[in-house]
Amino acid sequence: MESRAVLTIALLGHPVGHSLSPRIHNAAFGALGLPGHFVACDVLPERLETALAGLVALGFRGANVTIPHKEAVLPHLSDLSPAARAIGAVNTLVIDNGRISGHNTDHIGFLESLAPHRESLVGKRAVVLGAGGAARGVVHALQTGLRLAEILVLSRRPSQAQNLIDGVPGARTAPYEDRDEAARQADLVINTTPVGMLPRGAESPVSPAAFRAGQIAYDLIYNPARTTFLEHARREGAEAIGGLPMLVGQAAASFQLWTGREMPRQAVHRALEPVAP
Ligand code: NAP
């Protein structure tokens with residue numbers, strides 16, 4: 001990579017209008033004085049392959065990949081990082097000499113945001129609500145980064161949850177209808193479903209009875225910053241963590257892959273201030 005080459009990065013998703021990633025990465029480029037820019041591209045599923053060829057042809061440095069392309073992109077890549085292979089989903093592409101490699105940094109951001117709780121979670125139980133792309137990264141992080149006694153995955157489609165936990169030691173599934181009770185018995189309750197995301201911010205995947213003091217409630221949703229899930233958890237005495245720290249953590253790991261530079265976190269947090277609580 002030439003040191004003064006302009007680094008152009010895309011976000012490939014559908015839709016992408018809500019994304020904070022352009023704000024994060026453009027603030028980082030600006031603060032470092034690096035010639036680069038990040039542009040959100042709304043790509044229909046049937047245009048994904050053409051869009052990837054376009055990135056290579058136009059000399060893009062890489063991309064972030066989001067809903068609904070995180071798994072669909074896999075067959076089009078030259079190689080995969082070990083974590084992306086284990087997770088079965090990609091959120092970051094790096095383009096070198098016309099070859100596209102796939103990486104996953106979601107699990108890095110998730111684990112980083114739980115670092116202060118790493119010791120207190122040893123031997124404890126986690127409940128994961130939802131079994132989609134983000135849940136795959138979360139379960140990988142829980143399995144490889146924390147020494148939990150149990151990981152319980154609940155999804156409205158039982159086969160999706162079963163698929164996710166296949167081969168994960170210490171993980172099992174439970175019926176989605178039992179989610180309030182399962183969550184109440186857990187020490188760490190993680191919402192990976194989009195239930196509660198704007199514009200349906202009043203919704204929550206569980207009732208307030210799912211929470212108690214001493215728990216950690218973690219919502220991957222960052223829009224709104226304070227979801228109903230987190231408000232209920234807080235009211236019942238649980239500690240609440242929203243999706244913004246994970247978002248910034250995964251962005252920092254992706255930024256490093258594209259630029260070889262550490263993301264300037266303060267500048268990024270300043271750029272997000274209107275969003276962050
Ligand atoms: P996804 O692949 O579409 O998976 C969503 C999961 O939630 C699936 O298991 C889905 O089940 C389930 N679900 C959807 N609607 C539901 C409903 N009404 N009731 C119950 N379950 C429902 O999406 P994803 O990529 O995993 O993203 C999920 C959420 O995480 C989004 O809100 C996204 O913004 C957030 N996220 C945040 C970060 C971060 O850095 N903070 C990173 C990644 C994702 P079905 O398959 O049956 O629909």
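Me: What share of the 277 residues in the protein chain is buried?
Reply: Keep in mind that this is a predicted model. A residue counts as buried when its relative accessible area is under 20%. In the protein chain of 277 residues, the buried share is 51%.

Me: How many helices and strands does the protein chain have?
Reply: Helices and strands are counted as separate runs along the chain. The protein chain has 10 helices, and its strands number 12.

Me: Why is the protein chain called as compact as a globular protein of its length?
Reply: The globule rule gives 19 Å for 277 residues. The chain is close to that value, so it is as compact as a globular protein of that length. Its radius of gyration is 19 Å.

Me: Among contacts between residues at least 6 apart in sequence, what share joins residues at least 24 apart?
Reply: A contact needs heavy atoms within 4.5 Å. Take the contacts in the protein chain between residues at least 6 apart. Those that join residues at least 24 apart make up 69%.

Me: Which elements do the buried residues of α8 pack against?
Reply: Helix α8 covers residues 228-235. Its buried residues include Phe 229, Leu 230 and His 232. They pack against β7, β10, β11 and β12.

Me: Which residue just after α8 takes a positive phi?
Reply: Look just past the end of helix α8. The phi there is about 95 degrees. The residue is Gly 237.

Me: How many aromatic pairs does a search of the whole structure find?
Reply: Rings pair if their centres lie within 6.5 Å. Searching the whole structure on that basis gives four.

Me: Is the pair of Phe 211 and Phe 229 stacked or edge-to-face?
Reply: The ring centres of Phe 211 and Phe 229 are 5.2 Å apart, and the planes make 85 degrees. Planes over 60 degrees apart count as edge-to-face. So the 85 degrees make this pair edge-to-face.

Me: Where does Phe 211 lie?
Reply: Its partner, Phe 229, is in helix α8, 18 residues away. At 1% relative accessibility, Phe 211 counts as buried. Phe 211 lies in the loop between β10 and β11.

Conventions: Residues numbered from 1 in each chain as written. Predicted model: local features only at pLDDT ≥ 70, side-chain atom pairs only at ≥ 80, totals over all residues. Heavy atoms only, no water. Helix = DSSP H or I, 4+ residues; strand = E, 2+ residues; numbered from the N terminus. Rg over C-alpha atoms; globule rule 2.2 N^0.38 Å. Buried < 20%, exposed > 50% of the residue type's maximum accessible area, 1.4 Å probe, protein only. Phe/Tyr/Trp six-rings, centres within 6.5 Å; stacked < 30°, edge-to-face > 60°.
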